[in-house]
Amino acid sequence: MASSLLRLRTPLASSAAAVLRNHRALRHATPLSVRLMSTEKQYEFILTSRPADGVALITLNRPKALNALCTPLFNELNEAVKAFDNDDSVRALVLTGSERAFAAGADIKEMKDKEFSEVFKGKFLESWSLLTTIRKPIIAAVSGYALGGGCELALMCDIILASPTATFGQPEINIGVIPGGGGSQRLAHAIGKSRTMEIVLTGRNFSAQEAADWGMVSRVVPAEEGSVVDAAVKMAAVIASKSQIAVQAGKEVVNAAYEQSLQEGLRYERRVFHSLFATKDQKEGMSAFAEKRKPTWTHS
Ligand code: CO8
């Protein structure tokens with residue numbers, strides 16, 4: 001166990017798949033005393049690991065409640081996301097849940113007795129979108145239920161990969177409310193008004209294939225290709241191998257497409273493109289192409 005733990009915590013792990021298997025095994029089998037030896041911070045509702053060079057994996061870990069999103073879970077998620085965003089050795093993140101549930105929504109039991117004055121004055125949910133403010137790219141690897149806040153959490157990520165078992169939905173209408181974590185807005189941007197109206201007003205779930213057909217997820221990872229987490233880690237490793245200034249600039253300008261008019265967005269993209277000529281990585285990348293060699297990024 002100690003050696004597998006070492007592999008799990010080593011950034012230069014040779015096999016992402018082997019590390020992921022260890023990660024899953026650890027979730028169920030690792031005694032607390034062993035886990036406490038790890039250099040990664042230990043949390044109650046999430047697990048963190050580094051399955052490949054430059055890649056951090058965050059796994060929601062509240063299995064009995066199907067990863068229902070409660071305030072303590074979000075406090076931990078925010079802390080981990082901020083720490084990874086500030087850690088230069090991490091260049092891309094993957095967020096996942098369990099096979100059964102990415103997250104079955106906000107914790108209904110935590111919310112049910114809240115009053116308007118409490119949620120309004122307490123700015124309930126405001127800190128739950130911290131994820132959208134970080135610079136490094138986040139890939140959501142979704143299996144099982146991604147409902148309500150779970151679907152919204154996936155939509156806060158930059159890329160969504162789904163397993164064939166993924167089930168998305170905004171069922172808040174069934175419990176007398178509406179989406180509160182961006183579901184009405186980000187979903188409408190992703191799949192259009194008519195489909196979003198149907199999903200939000202009827203509360204019906206939609207499949208991984210529908211989400212792919214509608215452009216909400218990048219792709220459904222077929223079972224024969226392995227797990228969606230493996231696929232997300234591989235994709236994150238590719239992103240982590242690029243110039244990080246260019247990656248973060250790329251993320252920023254794509255997001256501008258959702259926040260600005262086309263004209264403003266095009267102007268912003270051009271300005272950010274110009275600014276990259278001030279980086280060493282632009283000189284290195286273009287010189288390497290001209291010299292027919294691989295670039296060596298310094299992320300500067
Ligand atoms: N909140 C609290 N507990 C939950 C939740 C939830 N959202 N979902 C599941 N659980 C618990 C169940 O209560 C149950 O606990 P227990 O064993 O103690 O009774 C356990 O998880 C297992 O659930 P089920 O027995 O119901 O499992 P099933 O396989 O029969 O059903 C379902 C799975 C279909 C996912 C079902 O659990 C379900 O419908 N869950 C609720 C889904 C839902 O309505 N989600 C939306 C919640 S509202 C919301 O998300 C508002 C968003 C706010 C913004 C968030 C920003 C990120």
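User: Over how many bridges do β2 and strand β3 pair?

Analyst: Strands here are DSSP E runs of at least two residues, helices are H or I runs of at least four, and both are numbered from the N terminus; two strands pair if DSSP finds at least two bridges between them. Residues count from 1 along each chain as its sequence is written, and side-chain values use heavy atoms, with hydrogens and water left out. This is a predicted model, so local features need pLDDT of at least 70 and side-chain atom pairs count only at pLDDT 80 or more, while totals for chains, interfaces and linings use all residues. With that settled, β2 runs parallel to β3 (residues 92–96), and the number of bridges is 5.

User: How many residues of strand β2 are buried, and why is the strand described as enclosed?

Analyst: Buried means under 20% relative accessible area, exposed is over 50%, and partly exposed lies in between (1.4 Å probe, protein chains only). V55, L57 and T59 point one way, A56, I58 and L60 the other, and all are buried. So β2 (residues 55–60) is largely enclosed by the rest of the structure, with a buried count of 6 of 6.

User: And in β3, which residues point the other way from A92, V94 and T96?

Analyst: β3 is also largely enclosed by the rest of the structure, because 5 of its 5 residues are buried. Within β3, L93 stands opposite A56, and A92 is the bridge partner of V55. Facing the other way from A92, V94 and T96 are L93 and L95.

User: Which residue in β5 stands opposite L93?

Analyst: β3 pairs in the parallel sense with strand β5 (residues 138–142) over 4 bridges. L93 has as its opposite number I138.

User: In the open sheet of 6 strands, which are the edge strands?

Analyst: The sheet has mixed pairing and the order β1-β2-β3-β5-β7-β10.

User: What order does the open sheet of 4 strands have, and which strands stand at its edges?

Analyst: Pairing is mixed here too, with the order β4-β6-β8-β9. Each end strand has a single partner, so one side is left without a neighbour in the sheet; those strands are β4 (101–103) and β9 (206–207).

User: On to the ligand: which of the 26 residues around it come nearest?

Analyst: A residue counts as near if one of its heavy atoms lies within 4 Å. By class, the shell has 15 nonpolar, 5 polar and 6 charged residues, where nonpolar is Ala, Val, Leu, Ile, Met, Phe, Trp, Tyr, Cys and Pro, charged is Asp, Glu, Lys and Arg, and the others, Gly among them, are polar. The nearest are R100, A106, I108, K109 and G149.

User: How much of the ligand's accessible area does the protein cover?

Analyst: Start with polar contacts, N or O pairs within 3.5 Å (within protein, one must be able to donate a hydrogen and the other to accept it, and sequence-adjacent residues count only if both atoms are side-chain atoms). A backbone N or O of A106 lies 2.7 Å from a ligand oxygen, one of I108 sits 2.9 Å from a ligand nitrogen, and a polar backbone atom of G149 is 2.8 Å from a ligand oxygen. Of the 1,100 Å² that the ligand has on its own (Shrake-Rupley, 1.4 Å probe; for residues, only the protein chains shown count as cover), the protein covers 68%.
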